[in-house]
Amino acid sequence: MTITNIHVIDQDSAYDFYVNKLGFKLVDDFPMGQGTRWLTVSPPEQPDLQLVLFPVTVSKMFPKEIAENLIDLIKKGIFGCGVLTCKDIHATYEELKAKGVEFIKPPTKEFYGTDALFKDDSGNYFSLQPINNFDNENDI
Amino acid sequence: MTTEQYPKVYLYRRIVQAKLFIDNNYADKIDLNNISNEAYFSKFHFIRLFKSAYGKTPHQYLKYVRIEKAKELLKKDTPVSEACFLVGFDSLSSFSGLFSKVVGKSPSTYLKHHQENQKKISLTPLAFVPGCYAYQHGWLENSNFEETDI
């Protein structure tokens, strides 16, 4: 995969969340005219994968009713956007929490492994899991 | 097992505190003793725990943060000599040497390539956006960018 979308409500706020809190790397950020902006980021260890921080605004692509409905669903936390992995879930959880990331679920041992759930600034949620989710107890 | 229940939560919090200390103070003269003092650990115990959590020793992580911050500064057109000192290096030659080794090109070449790329983007932004996105956004309308060969 090369490029995928995260639908966001506000690009400035999404930039702050993904770059300053999650630690993603900024790839592209340039204006495309008429107030629009091409904004992409990459996970720090996956420079070949770009996430487009795609604003939901009334446009050719999103007529007013669709944009409003989509924003409503994003804010309600309907959309799960994927799984992020880390070396140590407890350390990453403590760090993200210290940076103000809102967790829906702290690291929890489930029958399928350990995971946590957090929301981005728009309301999209992600699962956070250790890279090796079958041997993750007492990392330290 | 929730966060409040998992063992050694205080160790995690100290390691995270040390990592955030590096993130916030990379521009200053900090050494391993400063960082382990920040975490209230013996130096060697601290190094082992830090590497277990982040995959790098604190020293390796500090170098990584400084080079990443230098790349960000160069991307904002900061002169190489200024970027060097803003990320905590005393010597331009040691900065350039480490940067070249890690990034694969010298800081000045990195800056030059970035500036050239920015110039191309400003002239033909659509050449740097996948066509499907440009079409869906309506960016292709009233534009000659489709025919660019960049």
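Visitor: Which residues does I22(B) touch, leaving out those up to four places away in sequence?
Guide: I35(B), P58(B), Y61(B), L62(B) and V65(B). Two residues are in contact if their C-beta atoms, placed from the backbone, lie within 7 Å. A word on the source: this is a predicted model, where local features need pLDDT of at least 70, side-chain atom pairs count only at pLDDT 80 or more, and totals for chains, interfaces and linings use all residues. Residues are numbered from 1 along each chain as its sequence is written, while chains are lettered from A and ligands numbered from 1 in the order in which they are written.

Visitor: Why does S36(B) count as buried?
Guide: The cut-offs are 20 or more other C-beta atoms within 10 Å for buried, 12 or fewer for exposed, and partly exposed in between, with C-beta atoms placed from the backbone. S36(B) has 20 such neighbours, so it counts as buried.

Visitor: And where does S36(B) lie?
Guide: In helix α2 of chain B, residues 32-39. Helices here are DSSP runs of H or I with at least four residues, strands are runs of E with at least two, and both are numbered from the N terminus. Leaving out residues up to four places away in sequence, S36(B) touches F41(B), K43(B) and F46(B).

Visitor: How do you know that the buried residues of α3(B) are on the same side of the helix?
Guide: The residues in question are F46(B), L49(B), F50(B), A53(B) and Y54(B). They cover an arc of only 110 degrees around the axis, which puts them on the same side of α3(B). That arc is taken from the directions that run from the helix axis to the C-beta atoms.

Visitor: What about helix α4 of chain B: how far does it reach?
Guide: Its 18 residues, 58-75, reach 26 Å from first C-alpha to last, close to the 26 Å expected. Its buried residues are P58(B), Y61(B), L62(B), V65(B), R66(B), I67(B), A70(B) and L74(B). D77(B) follows α4(B) with a positive phi, near 65 degrees.

Visitor: What makes a set of residues a nonpolar core?
Guide: They have to be buried Ala, Val, Leu, Ile, Met, Phe, Trp, Tyr or Cys, joined through C-beta atoms within 7 Å. The largest one has 26 residues, and those with the most contacts inside it are I15(B), I22(B), F50(B), A53(B) and A70(B). Elements of chain B that each supply at least two residues to this core are α1 (9-25), α3, α4, α5 (80-86), α6 (92-103) and α7 (107-123). α4(B) has the largest share, six residues. There's also a second, separate core of 17 residues, which includes I6(A), L126(B), A134(B) and W139(B).

Visitor: How many residues are in contact between the two chains?
Guide: 27 residues of chain B with 24 of chain A. On the chain B side, α1, α3 and α8 (131-137) are the elements giving two or more residues, and α1(B) gives the most, with seven. That side divides into 17 nonpolar, seven polar and three charged residues. By the definition, Ala, Val, Leu, Ile, Met, Phe, Trp, Tyr, Cys and Pro are nonpolar, Asp, Glu, Lys and Arg are charged, and the others, Gly among them, are polar.

Visitor: Why is chain A as compact as a globular protein of its length?
Guide: Chain A has three helices and eight strands, in the order β-α-β-β-β-α-β-α-β-β-β. Its radius of gyration is 16 Å, close to the 14 Å from the globule rule for 140 residues, so it is as compact as a globular protein of that length. The radius is taken over C-alpha atoms, and the rule is 2.2 Å times the number of residues to the power 0.38.

Visitor: Last one: why is D120(A) called buried?
Guide: It has 23 C-beta neighbours inside 10 Å, so it counts as buried. You'll find D120(A) in the loop between β7 (113-119) and β8 (125-130) of chain A.

Methods
Expected span 1.5 Å × (residues − 1).
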